[in-house]
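Here is a short report on selected parts of one chain. Please look at the structure first.

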Amino acid sequence: MLTSRKLVHCACSCSQQQNIVRLIYKQKSLAVSCVAQRRCLSSPPNSDLSKGSVNTPTNQPPESDGLGTYVKKEKLPKLTEPIAKNFFLGKLDPRFLVYPQLSKDELDQLNELIAPIEKFFNSVDSKSIDVNAKIPDDVLQQLKDLGLFGLQIPEQYGGLNLNAAGYARVGEVTGRDGSIAVTLAAHQAIGFKALLLAGTEEQKQKYLPRLATGEQVAAFCLTEPSSGSDVSSIQTKAVLSEDGKTWHLTGSKIWISNGGIADVFTVFAKTEVKTPEGETQDKITAFFVERAFGGVTNGKPEDKLGIRGSNTTEVYFDNTPVPAENVIGDVGGGFKIAMRVLNSGRFSMGSSGAGVLKALITMTAEHARTRSQFGQKLSTYGLIQEKFAKMATTAYAMESMAYLTTGVLDTYDDPDMSVEAAIVKIFSSEGCWVCVSECLQVMGGLGYMKDYPYERYLRDSRIMQIFEGTNEILRLFVALQGLQHAGKSTKELLKKLRNPLNNPGLLFKTMWKKSKGQSVMVSKAQSLNEDVHPELEQEAKMLAAGIYSMSGAVEDILSQFGNKVVNEQMKLRRIADIAIDLYAMTSCIGRASRSYCIGLRNADHEVLLTRSFCYEAEQRIKRNIYELTPAKMAEREIDDTNRQIAETIFKNGGYAAQHPLARNW
Amino acid sequence: MFIEGYKMLKLCFKKCGALCINDALLASIKIVADTPVQPVAWNTWNDKRKQLSFSYCQSRFYQVRRLHVSAIINNLKDKKQSDPIIINKKPEDVMVQSGNEESVTETERTTSSAVGKPQIFKQAQLSQPLVRPSSLPDHDPKRITEESRKLERKARAVFDKIATEKGASKPTFIYAINEYISKDTLYRRGALEFIYAGLSEMKRFGVNRDLTAYKALIQCFPEEKMIPRNVWQVEFMHYPRQQQCGIDLMEQMEQSAVIPDDEFGVLLKNRFGSTAHVTRKYRRMMYWLPKFKNMNPYPVPYDMPNDPIELALLMLKRMCVDEKTKYNVIKTVEMEDSPEEDTFIVSAQSPTQQQLISQHKTGQPLFVEGPFPVYMRYVGKRYFLLRGEPNINSLMKQKKLEEEEEKEENLFEWVNFYEENYKEIKPVLSVHEQEDSTILGLCITGTSTKSSVVAWIRWLEKSNPNLAQTPVLFKLISPNSETDVIGDNRPFTELKKL
């Protein structure tokens with residue numbers, strides 16, 4: 001990152017002598033917190049990856065043999081300020097406008113790793129997987145041989161030890177077949193992730209080597225018939241035997257990816273826990289269950305709309321004995337583990353979605369360049385061009401967000417990126433759905449045929465909005481996390497704002513500021529344009545203005561509703577949408593600025609993509625802000641209108657308007 | 001108060017005439033007379049006289065005032081002196097009495113329930129010979145000639161004859177009208193009296209809620225003859241009695257919830273023109289009534305089912321807000337070996353309520369209360385409920401939580417719904433756990449007797465084993481006593497103290 005920053009400024013400020021001084025000064029203060037990303041894939045360049053050497057990166061002596069060699073820091077720094085949550089306070093640390101990058105060694109190794117995977121995926125027959133609703137055994141075996149079942153498992157357990165960026169990059173390739181991507185994700189992104197995050201050394205040593213090779217496949221058993229998004233209401237029970245050595249698990253889980261092929265399961269069940277006060281409470285505990293323990297059965301594979309090749313079944317546990325040492329984490333601490341697992345897996349959806357989109361854009365562009373209608377190629381028509389521009393812009397934003405997130409994940413020590421990961425998931429799942437549909441549209445009738453892969457991609461991409469937390473739940477999550485962060489940080493001011501009669505001075509100040517469209521919380525918008533290439537000055541200003549107006553909206557909403565804001569879901573949705581757009585803008589601007597400064601191929605194209613995206617995002621933000629502002633709401637009350645419509649529908653048990661041909665007498 | 005008195009008076013006059021007037025009635029009439037008439041647009045009428053007679057509300061007001069205050073009081077005075085309206089001891093009338101017993105008893109029932117003091121009327125009716133009131137309305141008594149009375153009696157006799165010979169039904173009602181029209185083709189003499197007679201007979205023929213019957217009736221008036229030719233005729237009520245008759249007809253439609261349609265409008269227009277008062281009333285009705293028709297967010301079927309079980313189901317479904325409520329029909333004969341009576345019980349209980357019973361501490365009693373009245377359209381029934389004391393602990397906890405949330409120091413310290421301890425902190429109360437009590441089940445029985453309700457509880461014990469161990473207290477009120485306000489001594493008053 002340090003290098004990139006230097007490059008940024010060398011490239012952009014040669015014409016601006018005055019700026020240089022200021023920028024270099026800034027850079028010094030930032031340098032402390034900037035470290036090169038060298039966390040994973042971190043075996044020295046000469047060590048052979050395929051052998052899976054057991055050297056742990058932390059134990060390795062630093063190479064400090066003289067000048068010119070970079071000395072790696074022992075410990076990663078802590079992330080002190082959140083990124084997306086700070087949007088709610090009207091702040092963005094300019095250091096996050098510096099787009100993260102891998103070191104050259106890491107990148108080379110990653111590319112070396114990707115090449116065979118890419119080659120393999122070009123030969124996969126996705127159509128037959130979709131039709132037969134099964135991934136053939138030989139394909140699975142090849143995936144295992146490529147090491148795709150142990151991407152993030154440390155080398156000492158035989159995995160590839162990829163960092164977040166590497167994992168996302170592989171996801172880009174595996175995403176080309178939805179069924180395979182989901183099978184892999186169910187195995188490693190959630191299946192045994194709990195073990196990686198919270199397992200003991202013994203557990204890791206016992207299970208991880210076989211999981212890394214794919215000898216054992218894992219599944220994640222959380223969802224139940226009665227509890228989908230509401231995790232804490234699960235019914236599966238685990239009872240400890242009298243000798244305290246064995247748990248007995250009973251219950252049924254539904255829609256378990258890999259449920260039929262998995263050998264080990266991360267199962268969440270309610271257990272009785274004694275509170276310090278002596279009461280017994282039902283708390284969730286995570287168990288690592290082998291199928292071999294007995295009492296584990298599964299239903300037949302579900303017939304699904306998309307990702308048909310992935311194996312989704314019900315899984316039943318009938319008094320399954322689980323040894324006490326297979327409890328993951330603490331007894332009663334399962335809920336936190338489940339949340340950590342889910343939060344940590346989401347970021348990769350951005351890159352895999354972008355991977356699919358990029359492949360589809362290539363195919364569709366080929367069609368547009370070759371097909372003639374009315375004597376001209378499709379690619380010359382404005383409506384088609386607009387579609388391609390939108391698709392490319394969305395894919396660009398998806399990628400940028402995903403790799404900004406992975407960059408932060410890899411640079412800092414266990415940073416809390418749950419909000420950002422949720423943002424990536426929401427944006428990319430929806431972007432994917434819209435853009436795949438647009439690709440199909442460009443193909444016209446061909447796209448609708450089963451001979452072409454478009455309809456399959458469309459079906460496959462639909463699941464992204466549903467699984468790993470539905471987009472609705474995640475929007476509330478983003479908004480509530482951010483609002484709570486903002487509320488707690490500015491509690492004193494908001495208390496006064498909520499009580500204007502006792503603070504007349506503030507009341508007048510508020511009125512004055514509001515009349516000028518300013519917020520009280522933040523005195524003025526940041527000037528972020530100094531941190532990016534001048535080519536992106538306008539976009540940086542848009543971003544700064546967006547962040548500033550967000551703080552105003554947050555301040556309004558918090559002072560108006562206080563704790564009751566949790567019930568204002570329609571407003572929360574808008575707040576979340578603004579946060580999503582801001583995060584996307586941040587990552588796009590940062591990436592385009594970096595590309596332009598270091599002169600990547602088609603960097604000017606990236607600038608245009610960013611420009612287009614920022615324009616759209618600004619429009620969306622403005623609209624959301626408009627609908628959030630109380631003064632405007634009084635005239636429109638669109639939320640109230642919609643609420644009433646919905647209430648009537650539920651009261652009538654369906655569509656309530658009379659038939660257009662109905663008569664009253 | 002006014003409405004009650006008004007209904008009572010109208011009934012008295014219609015059915016008993018001046019014969020049953022006594023001190024109690026006079027007192028209530030005084031109340032009516034003293035109570036200001038307040039239709040919706042009272043002030044509008046007072047302030048903006050320029051709009052007089054044009055708006056619907058004002059015309060309503062006209063009628064209301066004419067009907068209820070001045071006319072009634074005037075009539076009363078007249079009646080006290082000479083009884084000009086009612087006493088017509090012609091032989092036809094006596095005959096009518098014997099055939100009309102059913103409707104009289106029905107009147108008696110409704111009157112007694114409306115007034116609450118049935119003895120007075122019974123005595124009055126017993127002591128005097130039964131006389132049926134004239135069907136001619138009494139809002140302008142001086143205009144009613146002896147000739148007109150004669151025509152009215154004749155018209156009623158026609159209806160009576162057809163009713164006794166061919167039975168009272170819709171076809172015979174139409175037949176009676178056709179009889180009249182075919183006999184009097186040219187002048188339609190006595191059309192007005194015939195229509196009034198027909199209006200009063202409609203209930204007996206069971207057509208009072210049938211639009212076609214009203215259409216048939218309005219066709220008794222001759223076409224074209226009564227159409228006003230100029231503005232003056234329009235404003236000064238051309239053919240006033242006929243127009244008033246049309247208005248009365250539509251008033252009766254209104255009261256029986258019958259909405260006219262376009263055809264009815266054409267019939268009216270052909271008889272009175274498009275500008276007459278009666279046609280204006282039609283237009284106002286067509287403006288308002290279709291709007292009112294669909295105003296009820298919980299629509300009730302236009303014709304209520306005759307089967308009491310279906311009716312009870314309908315009423316319970318209307319009362320139970322829980323979507324998951326299960327409805328069961330139990331016959332006492334099938335349920336028990338030696339039932340105290342042969343009746344049905346319709347029970348409504350949801351799984352949530354069953355769960356609440358299973359969580360109930362058996363030491364504390366549950367209550368069966370009722371019968372409480374429930375009405376759908378014109379049908380009334382009585383229901384019983386099984387309830388427990390309110391879940392004070394949870395309610396208090398919730399209330400305290402709400403107050404805690406309001407406190408400034410807890411600002412923004414909320415627990416998000418996706419966090420683990422969300423539900424422990426926020427108890428979710430079911431819809432059945434209300435502040436005054438926890439409702440555990442509803443029922444309507446065929447007889448509304450205590451034994452049938454006891455049978456219901458015995459039946460509930462099968463699906464709610466906890467109920468068998470719990471003392472159940474029956475707090476039943478006798479059907480005739482007034483409904484008490486229950487429960488200021490209940491624990492939920494504690495909530496208010498907070």
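Which residues in α7(A) are buried?

## Helix α7

The model is predicted. Helix α7 of chain A spans residues 164–174 and is mostly covered. Of its 11 residues, 11 are buried. They are A164(A), A165(A), G166(A), Y167(A), A168(A), R169(A), V170(A), G171(A), E172(A), V173(A) and T174(A).

What do these buried residues pack against? Their partners in chain A are α4, α8 (178–191), α12 (348–370) and α13 (382–411).

## D108 in helix α4

Helix α4 covers residues 104–123 of chain A and contains D108(A). Is D108(A) buried or partly exposed? D108(A) is partly exposed, because 13 other C-beta atoms lie within 10 Å, while a buried residue needs 20 or more.

K564(A) lies 456 residues from D108(A) in sequence. In space, their C-alpha atoms are 52 Å apart.

Strand β1 of chain A runs over residues 218–221, and both of its faces are covered. A218(A) and F220(A) are buried on one side. A219(A) and C221(A) are buried on the other. In a regular strand, side chains alternate between the two faces of the sheet.

β1(A) pairs with strand β4 (residues 264–274) of chain A. The pairing is parallel, over 4 bridges. Within it, C221(A) stands opposite V267(A) of β4(A).

## The annotated domain

An unreviewed UniProt entry places the feature "domain: Acyl-CoA oxidase/dehydrogenase middle" at residues 219–319 of chain A. In the model, this stretch is 0% helix and 51% strand. Its end C-alpha atoms are 19 Å apart.

How values were computed. Residues numbered from 1 in each chain as written. Chains lettered and ligands numbered in written order. Predicted model: local features only at pLDDT ≥ 70, side-chain atom pairs only at ≥ 80, totals over all residues. Helix = DSSP H or I, 4+ residues; strand = E, 2+ residues; numbered from the N terminus. Buried ≥ 20, exposed ≤ 12 C-beta atoms within 10 Å, placed from the backbone. UniProt positions renumbered as here; feature names shortened; annotations may be inferred. Contact = placed C-beta atoms within 7 Å. Pairing = 2+ DSSP bridges.
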